[in-house]
Amino acid sequence: MANSYHVPYIDLAAQYEFYKDELQDILLRIASSGQFILRKEVSELESKIAEYLKVNYALGVNSGTDALFLSLKAAGIKSGDEIITVSHTFIATISTIVHCGAKPVLVDINDDGNIDVNKIEDAITKKTKAIMVVHMNGKICDMDMILALSKKHNLLLFEDAAQAFGASYHNKFAGTFGVCAGFSFHPMKVLGCMGDGGLITTNDEHIYNQLLLLRNHGQKTKSELVLYGYNSRLDNLQAAILLFRLSKFEEELKSRREVAMYYIKNLSSLPQIKLPILDEDNRRDVLSSFVIQAKDRDALQKFLLDNSIEVAVHWNTPNHKQSHLKLDNFNLEMTEKYSKNILSLPIHSFLDKEQAAFVVKKIIEFYEK
Ligand SMILES: Cc1ncc(COP(=O)(O)O)c(C=O)c1O
């Protein structure tokens with residue numbers, strides 16, 4: 001069913017409609033070929049992405065969550081280790097650390113939603129093994145400082161690049177800074193498939209070989225098992241869809257960035273909202289979300305929803321405030337303040353000028369009331 005909002009947050013039905021002929025050809029071609037698991041399209045996608053990101057290895061897996069989990073496993077993260085990361089993230093960043101038996105040590109964020117590098121050193125203990133940065137909303141963290149810290153303290157660096165496919169910092173792509181990075185191809189992401197999918201990048205040959213085993217039951221060959229692995233393969237059908245979507249990626253990113261620039265141009269005079277700063281310090285942001293900080297956020301959210309504009313809050317309750325997760329021993333002032341003010345506006349490559357103008361008009365109307 002098509003989305004019932006006049007301005008949907010994201011419009012997967014419109015995306016399908018736009019590429020219908022090509023997508024139907026792909027679906028039928030793979031269905032009739034009988035090539036479903038670890039076939040040509042998976043390795044073709046891996047090579048294309050490795051080449052695009054300029055990284056030695058790319059490995060398709062079944063989700064962004066598994067991309068992070070298998071990365072941590074392959075790099076040897078284990079019980080008793082501590083990993084520094086943020087509370088302001090999708091829970092998978094933290095849960096995958098917990099599933100390795102390690103302890104997530106949560107630090108605060110900057111005003112842009114990314115890790116505050118000045119908070120990292122205080123969080124380091126004898127047990128700290130790694131930093132997991134999250135490139136939130138498609139903007140890369142302060143990598144010069146983070147790389148310097150990880151080197152100084154001899155820590156592994158992981159990137160949660162789930163939201164940052166195609167983002168760059170000083171001409172280097174997300175997913176190429178650390179030991180491993182995890183990407184998500186969830187349909188809501190900037191490069192999404194028709195279900196779950198993910199990918200790991202690494203420059204390390206040994207880790208790549210471990211990952212190949214971990215994603216496919218530890219099978220070195222059909223008859224030789226060398227470890228207890230998992231079933232975490234990217235479906236061939238999803239890989240075929242992703243190959244097609246990758247060919248449209250730069251074009252789609254351009255449209256997405258035009259929406260962001262329109263919002264910035266037309267909302268910048270409002271003192272009640274703080275807009276994201278685009279492409280700060282030689283970055284290319286991919287705007288997986290367009291997040292504003294708004295005065296009277298809850299009332300604005302309700303007003304926009306009532307006016308058929310689908311906005312969202314990512315996330316209302318920070319993870320360390322989720323009472324069942326036992327992460328409440330962290331004092332993260334900025335994270336808590338941020339979660340009360342943020343609002344994600346609709347953004348996607350199929351959002352037209354009239355829809356963007358309607359969003360702007362209604363936000364201005366709200367504050368003029
Ligand atoms: C920051 C972050 N990390 C990890 C994930 C997990 O990705 P997936 O949903 O593909 O498992 C997501 C996706 O929502 C995410 O936004």
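This is a predicted model: local features need pLDDT of at least 70, side-chain atom pairs count only at pLDDT 80 or more; totals for chains, interfaces and linings use all residues.
## The largest cavity

The residues that line the largest cavity fall into eight nonpolar, three polar and five charged. The structure holds two cavities of 30 Å³ or more.

The lining of the largest cavity consists of 16 residues. Nearest its centre are Val190, Arg245, Glu252, Arg256 and Ser349. Two elements, α1 (12-18) and α10 (249-267), each give two or more residues to this lining. The largest share comes from α10, which supplies four residues.

## The largest pocket

The largest pocket has a volume of about 530 Å³. Its lining is made up of 29 residues. Those nearest the centre of the pocket are Phe90, Gln163, Met188, Lys189 and Trp315. By type, the lining divides into eleven nonpolar, 14 polar and four charged residues.

Which elements supply at least two residues each to the lining of the largest pocket? They are α4 and α5. Of the elements, α4 gives the most, with three residues.

## The ligand and its shell

The space taken by the ligand is the largest pocket. Among the elements, α4 (64-74) and α5 (92-99) give two or more residues to the shell around the ligand. The largest share of that shell, three residues, comes from α4. The helix α4 also gives the most to the lining of the largest pocket.

How many residues surround the ligand? There are 15, and the closest are Gly64, Thr65, Asp160, Ser184 and Lys189. Sorted by type, the shell contains five nonpolar, eight polar and two charged residues. Lys189 is one of the closest residues to the ligand, and Lys189 is also among the residues nearest the centre of the largest pocket.

## Contacts with the ligand

In the side chain of Thr65, an N or O atom is 2.5 Å from a ligand oxygen atom. For Ser184, an N or O atom of the side chain is 2.7 Å from an oxygen atom of the ligand. A polar atom in the side chain of Lys189 lies 2.8 Å from an oxygen atom of the ligand.

How much of the ligand's accessible area does the protein cover? On its own, the ligand has 390 Å² of accessible area, and the protein covers 92% of that area.

## Two backbone details

Trp315, one of the residues nearest the centre of the largest pocket, also takes part in a cis peptide bond. The bond runs from His314 to Trp315, and its omega is near 10 degrees. Where does Trp315 lie in the chain? Trp315 is in the loop between α11 (297-306) and α12 (333-341).

The other detail concerns Asn282. Its phi is near 55 degrees, which is a positive value in a residue other than glycine. Asn282 is located in the loop that lies between β12 (273-274) and β13 (283-284).

Conventions. Residues are numbered from 1 along each chain as its sequence is written. Side-chain values use heavy atoms; hydrogens and water are left out. A residue is near a molecule or strand if one of its heavy atoms lies within 4 Å of it. A polar contact is a pair of N or O atoms within 3.5 Å; within protein, one must be able to donate a hydrogen and the other to accept it, and residues adjacent in sequence count only if both atoms are side-chain atoms. Accessible areas come from the Shrake-Rupley method with a 1.4 Å probe; for residues, only the protein chains shown count as cover. On a 1 Å grid over the protein atoms alone, a cavity is a set of points where a 1.4 Å probe fits but cannot get out, and a pocket is an open set with protein on both sides within 12 Å along at least five of seven lines; lining residues have an atom within 4 Å of a point. A molecule sits in a cavity or pocket if more than half of its atoms lie within 2 Å of its grid points. Ala, Val, Leu, Ile, Met, Phe, Trp, Tyr, Cys and Pro count as nonpolar, Asp, Glu, Lys and Arg as charged, and the others, Gly among them, as polar. Grid points are joined across faces, edges and corners, and a volume is the space filled by probe spheres set on the points.
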